Amino acid sequence: RGGTRWARGACGSGTWPRPRGRRWPGRRARTRAGRCGRRCCCTSSAQSACASSRAATLAATRSGTERRRRGGSSSSSKRGGAPPPPALAGRVAYAGQRPWIQNATIRENILFGREFSHFKYRSTISACALNRDLQILDGGDLTEIGERGINLSGGQQQRISLARAVYADADIYLLDDVLSAVDAHVGDHILKNCIQGALRAKTRVLVTHQVAATVAAADHVVLLGEDGAVVEQGRPEEVQHHQGGRLAALIAAAGGLRPPDDEGQGEEGDARLRARARTSTRTRTLTQEELILVREEERAKGAPALRIYTSYFKACGGVLGFTLPFCFSIIGAQICMFGQSYSLGLWVDRLQTGSNATGGSALWWYLAATGLVLLLGLIRSIVQANGSMRASQTIHDTMAARVLRAPLHWFESTPLGRIVNRFSSDLLEIDEQLMDVLSTFSDCFASSAAVFIVVCYNIPWLLFPLAPVLAAGAAVAQPYLRCGRELKRLDSTSKSPVYSRFAEAVDGITTLRAFGETERFYNEITDLVDQNSRANFYTWGVNRWLNVRLELLGALVSGFTAAFVILTTGQIRETIAGLILSYSVQVSGSMTYMVRFQAQLEMEINAVERTSEYSSLEQEAPAVIEQNHPPDGWPSHGEIEFIDLTLKYASSITPALSHLSFRIPPRTKVGIVGRTGAGKSSLTAALFRLVEPAGGKILIDGVDISGLGLRDLRSRLAIVPQDPVLFRGDVRGNLDPFGRATDAELRAALERVRLSGAQALGGAGGGGGGLGGRLGGGPAPPAGRRARRLQVWRH
């Protein structure tokens, strides 16, 4: 930057950039990398994936994102005890081996919260070889990227991550194997125009396996061994000519130093690529609506449809298994409770008159009614418990089966937070709350109905003053019901962004810490939590609004009933009058709870409404087509033929593959070569029918795969994906998920890919050792090459 000069390089030990005419506080960072002078490009190569992983950890440690588990740096403190953590003077930018991509536009990913500068932005795009990609993409740099870059190739993700670091205009750049996902020509362009061009005035630490292509451009080279210790280091011309040196051996094994391709095809070199870019660009200007990939979560309006209730009752066990027993137990319990009160009044009346010292049959009627209430309560509890568990399991299993078989384009446009929200918050409400709310509402409704039946049967003219009170109650309840259910829907939909943003931040915590953006993301997440909390706060507010008004109406009902009882003194028996007054006092509570739980029921049934959306998702082709099984032993030869194949992703209006035709002979090894983003991974998607072709067909051993069931097709193919994924569990379960191989066979196969059980575990992110050692789930950690070798053996 304008007022800064460099005293020495920032790789390993040394002093850091200082302002003109002044010195920074004298603090040095010492690591195993040793010293390197000048403002430099330091290449830290590695002999194995393990060493590369440790080199990446070293880079992350220097960026302030991660400390070694057993202390700060590798050198011991002169005073004893734990050494101080490494210190960097200057701002740091970091591009990781596994690029972290936000669910945002390409421009937002590159700017990363910084102010937009047209010249600086265009220079960054050009240096990172993104110009042609932006020409091909439907929305250019305004193209929205799905979660984890699902709609981009691995090379495009890597270059966007690199462009984010370049645009940050930092002092120190930590580049962790940023050339691994790009082809040779694009790599040459990035090395020449970005690392040695746009960043030429910066300190750059590059971790890479591409020694032959990068070592000549470095000022200092550090070779790490499998234990993370420095094997060789020094200036390139010294190390590469060292007799018997390991770096010289690596360069010789790679065929010698490979000079950059001056004619390169990285960004502007090949006229045919430029021509293709022009012909591949959009033929019309896209609207803002068409550029949106992830749309706002849809929210139903109005009262839940009757089919939502019937679907829940059906999931609970249907008419005979749930609905009839449930309704019978509630109605029967209300009748028996009325019988309790009535028989108790008769018993007391007879005791007062002395007509029967023991109360006669009234006592037995009271005892019988009490027994029936208890029995019906037990039946109801059993019916509710079984129905609730059955509904929860049915809804979960149906939704999970539909989601797992949803087409790929649905995952492109659906954030993970929405899926997590459906399987956590919504299912939790169905598991724990919905049945209780349904039961309480049914009780309140039956109780209120019993009150009005008893009161109006004995004092029919009481209906005239009660009618306006009931009308007022309905008028008060309607706005509450409308407001309450919409607030509940807002509460449900506003949780999804919280889950998505939090998961995104956790996934990219290394990048966030390196760029110093943790506070910004924290504030964004807390804003999303506030938005979700508002809906809950307002829900309690309208509850209090309702309670005050219904309490007043209930008091009016009780007052009218008491007045009419007084006016009709002598016309009805004392026990009946007491029963009427007792029931009328319950009106306030019954009305309040009935309206509140009616609204609560509509709120909770919203969870069924939301899960039913995922229970009716569009599905992939059938797993098995009975009338079209492949022949036994298919494919036996391995001949593959693409005939006029056109493949188009739902998120794009431009085909990824257009009228592609070629043939792969049986039992041959074929390399698919093309620039990043050219459609190489789309060939795999077409072979596995992850995306159905828009035209043409694929023949494997003469069989058109479009007519086969997906299980029949995919079970006969194997894939090692570009981004290796490990399943949570042990090494054995990752290598042999179906338990078909013995331990001896597993160990022998691991040796064939140059891994042992302990090495496989240690490099892939777990603790312990052997085939029973535990592995973490999710995308592979920094030692991705080791994880990829595990997947090679798996297939």
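Student: What kind of model is it, and how are residues numbered?
Tutor: It is a predicted model: local features need pLDDT of at least 70, side-chain atom pairs count only at pLDDT 80 or more, and totals for chains, interfaces and linings use all residues. Residues are numbered from 1 along each chain as its sequence is written, and side-chain values use heavy atoms, with hydrogens and water left out.

Student: Which residues does UniProt list for "transmembrane region"?
Tutor: The unreviewed UniProt entry lists 319-343, 363-383 and 461-481. Positions are in the numbering used here, feature names are shortened, and annotations may be inferred rather than shown by experiment.

Student: How far apart are the ends of 319-343?
Tutor: The end C-alpha atoms lie 33 Å apart, and the span is 100% helix and 0% strand. For residues 363-383 the end C-alpha atoms lie 30 Å apart, again with 100% helix and 0% strand. Helices (H or I, at least four residues) and strands (E, at least two) are DSSP runs, numbered from the N terminus.

Student: New topic. At what angle do α5 and α6 pack?
Tutor: Helix α5 (residues 154-167) and helix α6 (residues 184-198) pack at about 10°, with axes 12 Å apart. Axes are lines fitted to C-alpha atoms over the stretch in contact, and angles run from 0 to 180 degrees between N-to-C directions. That makes α5 roughly parallel to α6 (angles under 35 degrees).

Student: Which residues make the contact?
Tutor: R159, L162 and V166 of α5 meet V186, I190, C194 and A198 of α6 (contact means heavy atoms within 4.5 Å).

Student: And aromatics: how many pairs?
Tutor: The structure holds 14 aromatic pairs. Rings of Phe, Tyr and Trp (its six-membered ring) pair if their centres lie within 6.5 Å; planes over 60 degrees apart count as edge-to-face. W410 and F411 have ring centres 5.0 Å apart and planes at 80°, so they are edge-to-face.

Student: Is W410 buried or exposed?
Tutor: W410 is buried at 13% relative accessible area, while F411 is partly exposed at 30%. Buried means under 20%, exposed over 50%, partly exposed in between (1.4 Å probe, protein chains only).

Student: What about W410 and Y614?
Tutor: W410 and Y614 are also edge-to-face, 5.2 Å centre to centre with 80° between the planes. W410 sits in helix α14 (residues 408-413) and Y614 in helix α21 (residues 574-614), 204 residues apart. Y614 is buried, at 3% relative accessibility.

Key: Angles under 35 degrees count as roughly parallel, over 145 as roughly antiparallel, 65 to 115 as roughly perpendicular and the rest as oblique. Rings of Phe, Tyr and Trp (its six-membered ring) pair if their centres lie within 6.5 Å; planes under 30 degrees apart count as stacked, over 60 as edge-to-face and the rest as tilted.
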